[in-house]
Amino acid sequence: MANPKAEIFELNNGTMQVLVSNLGCTITSLSVPDKDGVLSDVVLGLDSLDSYQKGLSPYFGCIVGRVANRIKDGKFTLDAVEYSLPLNNPPNSLHGGHVGYDKKVWEVVEYAKGKTPSITLKYHSHDGEEGYPGDITVTATYTLTSSTTLRLDMEGIPKDKPTIINLAQHTYWNLAGHDKANILDHSIQILANHVTPVDQNSVPTGEIMPVKGTLFDFTSEKRIGNTINEVGIGYDHNYVLDCGEEKAGLRHAAKVRDPSSSRVLNLWTNAPGVQFYTANYVNGVAGKGSVVYEKHAGLCLETQEFPNAINQSNFPSIVVKPGEKYQHSMLFEFSIERS
C-alpha cells in the first residue's frame, strides 16, 4: 500500500479523551478529570505533527523500538554474528537508533469508536533497519477499557530470523496538567525492591541492587522533589518490578499522585522493569498551547525489558525467534484520591 500519512485519531468514552497519532503511535494528548470533574491534558506534547516530524520532540508520548533504552557502545552479538548500531546517544545506541519506531508512520489496522474505543496500529520493520537483524511485524493497540482506564497491548512477530526487541511507551506525565511547571510535588510509589545501577553513560552495570536504605527506594509513596537533587541530575533508572500485586496477568508497577488535582495514576504491566525518568534533559522545549517545558516538567514510567539486556547474561533475554511472539501490555488507571 502507499505510505500512510501522519494523522491524529481520537479515543473518547465520554469521561476521558486520548489523541493518538499513527506517527510513532504517539499519545499527543490525554485528558482526565480532576477532583472537581475538570478535564486537563496530563501529557507533555508538541503543537503539531509537523513539529514531531521535524524531530523537535524528546520522545514525547511515542512507542520506542526496535529496542528501547540504551545498548552499550551500540554493539551486540546474536548467534555468533556481531551487530553495530547507530550511536545516536554517544557512546550508546538509544531507543532504536536515528530513525526508530517513534519516527515511523504506522498503518492503522483498526479504529473503533463507542463505549470502549480503540485503535490498532502496525509497522513492518525490515532486516537491517537501523542495524538490527531480521524482519519483524509490530502492532500496538490502545483501548479505553473503562471510564478512566487506558490499555496498551504491543506485539512483535519475527519473520524468519532471530532478533531482539524491547518496546516502550515514552509518555511524559504531569498529573497537575501538562502546562504546570514540574512534577516535584508529585508523589510516587514504585513496586520494586531492586534497581539496576548504571555507569557514567547511564548503562546498567549488570548489578541488581536492593533499594532499601538508598535514594532509589520508592517502595512506599514519597514526594519526588525530596530526593531528586541528590541523584545527580535526576532519576533515569530501571527498576526491577518484583513486589507488586498481580491482577489479570499484570503486575502493579507504580502509583503516582498529584496533590493539587488529586489525580492518581496506577500503572500495571507484564514487563519485568520500568524506567523512572524525570525529564532531566528537557530544556526549553516549545510545547503545545505555547507552553515551554523545562527540566522535570514531566515524568516517564517506561515499562520495559532491562536496558542493554542483550549484553548482560543475568538480565531476562530480549531475543525473539521465529515461531515466538514478543508481547507487552500496560494498563494506565486514573482515579481521584483526596489527601
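Glu230 counts as exposed, because its relative accessibility is 51%. The cut-offs are these: buried is under 20% relative accessible area, exposed is over 50%, and partly exposed is in between, with a 1.4 Å probe and protein chains only. Glu230 sits in the loop between strand S20 (222-223) and strand S21 (236-240). Strands here are DSSP runs of E, at least two residues, and helices are runs of H or I, at least four, numbered from the N terminus. Leu215 is 15 residues from Glu230 along the chain, and their C-alpha atoms are 7.6 Å apart.

A word on the source. This is a predicted model, where local features need pLDDT of at least 70, side-chain atom pairs count only at pLDDT 80 or more, and totals for chains, interfaces and linings use all residues. Residues are numbered from 1 along each chain as its sequence is written, and side-chain values use heavy atoms, with hydrogens and water left out.

Now the whole chain. Its secondary structure comes to one helix and 30 strands. The radius of gyration is 19 Å, close to the 20 Å from the globule rule for 339 residues, so the chain is as compact as a globular protein of that length. That radius is taken over C-alpha atoms, and the rule is 2.2 Å times the number of residues to the power 0.38. The C-alpha trace spans about 60 × 50 × 40 Å along its principal axes. Of the 339 residues, 57% are buried. Take the contacts with a separation of 6 or more: 67% of them join residues 24 or more positions apart. Contact means heavy atoms within 4.5 Å.

Next, the inside. Phe332 belongs to strand S30 (residues 326-336). Phe332 is buried, with a relative accessible area of 1%. Leaving out residues up to four places away in sequence, Phe332 touches Thr148, Thr149, Leu150, Leu152, Trp173, Leu265, Asn266 and Leu267.

Which residues have the most contacts inside the largest nonpolar core? They are Leu30, Tyr142, Tyr239, Phe276 and Phe334, in a core of 58 residues. Strand S12 (residues 136-146) gives this core its largest share, five residues. A second, separate core has 15 residues, including Leu23, Leu44, Leu49 and Tyr277. By nonpolar core I mean buried Ala, Val, Leu, Ile, Met, Phe, Trp, Tyr and Cys residues joined through side-chain atoms within 4.5 Å. Back to Leu30: among its contacts beyond four places in sequence are Met16, Val42, Leu150, Trp173 and Phe334.

On a 1 Å grid over the protein atoms alone, a cavity is a set of points where a 1.4 Å probe fits but cannot get out; a pocket is an open set with protein on both sides within 12 Å along at least five of seven lines; lining residues have an atom within 4 Å of a point. Points are joined across faces, edges and corners, and a volume is the space filled by probe spheres set on them.

The largest pocket has a volume of about 270 Å³. Its lining has 18 residues, with Tyr59, Leu94, Tyr172, Tyr277 and Tyr281 nearest the centre.

How many cavities of 30 Å³ or more are there? Two.
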